[in-house]
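Reader: I have a model open on my screen and would like to learn how to read it. Could you take me through it one feature at a time?

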Amino acid sequence: MTTWQRLEIGSGERRLCLAMNRWGARRAPMRLFRLVSRLGDGVFWYALMFALVVFAGRRGLHAALHMACVGFIAALLYRTLKHWTRRPRPFRAHADITPYIAPLDEFSFPSGHTLHAVSFSLVALVWFPWLAPLLVPFTVLVAMSRVVLGMHYPSDVLAATLIGGALAGSSFLLLPMGW
């Protein structure tokens, strides 16, 4: 039994993961969460950065560069953590959890999609608070999609949310607005 499996016993995390994964068995939710997850691969964020540059001028360029810097650090961070923790994906550890998409890599902890969604959204929202009605629901859906699609445990998503928040917050110490 791995350390990760010992942590799951009695925690209810597996039950929550399975319950959320069952939503993916329904046609409409599966389509929605697959689309959101695919957009969260980067397409949505690259389009947002491009739109900020085109429509918000110099301020948009600074915001997009800020997001790109945070994204680069987020990628290094989550890849390092995945390699270090080596937590198996839920569908690999539990036969009753169905993968509804192909994984981008082998390990589960933390969710890279969620880490990027949270950090990108928070940076963008500091620069452009009026984007909240678009970014907050999209970020929540990205995080949910990772569990529903069988790619992550809820704790992977929660940890990624905390890491993404800390990364975005600390980025403003290094790259203050108006630089």
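Author: Let's start with burial: buried means under 20% relative accessible area, exposed over 50%, and partly exposed in between (1.4 Å probe, protein chains only). Glycine 60, at 0% relative accessibility, counts as buried. Before we go on, this is a predicted model: local features need pLDDT of at least 70, side-chain atom pairs count only at pLDDT 80 or more, and totals for chains, interfaces and linings use all residues. Residues are numbered from 1 along each chain as its sequence is written, and side-chain values use heavy atoms, with hydrogens and water left out.

Reader: Where is glycine 60 found?

Author: Helices (H or I, at least four residues) and strands (E, at least two) are DSSP runs, numbered from the N terminus. Glycine 60 sits in helix H3.

Reader: Where does H3 bend?

Author: A bend at a residue is the angle between axes fitted to the seven residues ending there and the seven starting there. For H3, look at glycine 57, where the bend is about 155°. The expected span of a helix is 1.5 Å times one less than its number of residues. A straight helix of 59 residues would span 87 Å, but H3 spans only 33 Å between its end C-alpha atoms.

Reader: Which residues touch the most other members of the largest nonpolar core?

Author: In soluble globular proteins, nonpolar side chains tend to be buried together. A nonpolar core is a set of buried Ala, Val, Leu, Ile, Met, Phe, Trp, Tyr and Cys residues joined through side-chain atoms within 4.5 Å. The largest one here has 29 residues, and Trp45, Leu48, Leu52, Met67, Val123, Leu131 and Leu135 touch the most other members. Two or more residues each come from H3, H5, helix H6 (132-148) and helix H7 (154-174). H3 gives the largest share of this core, 13 residues.
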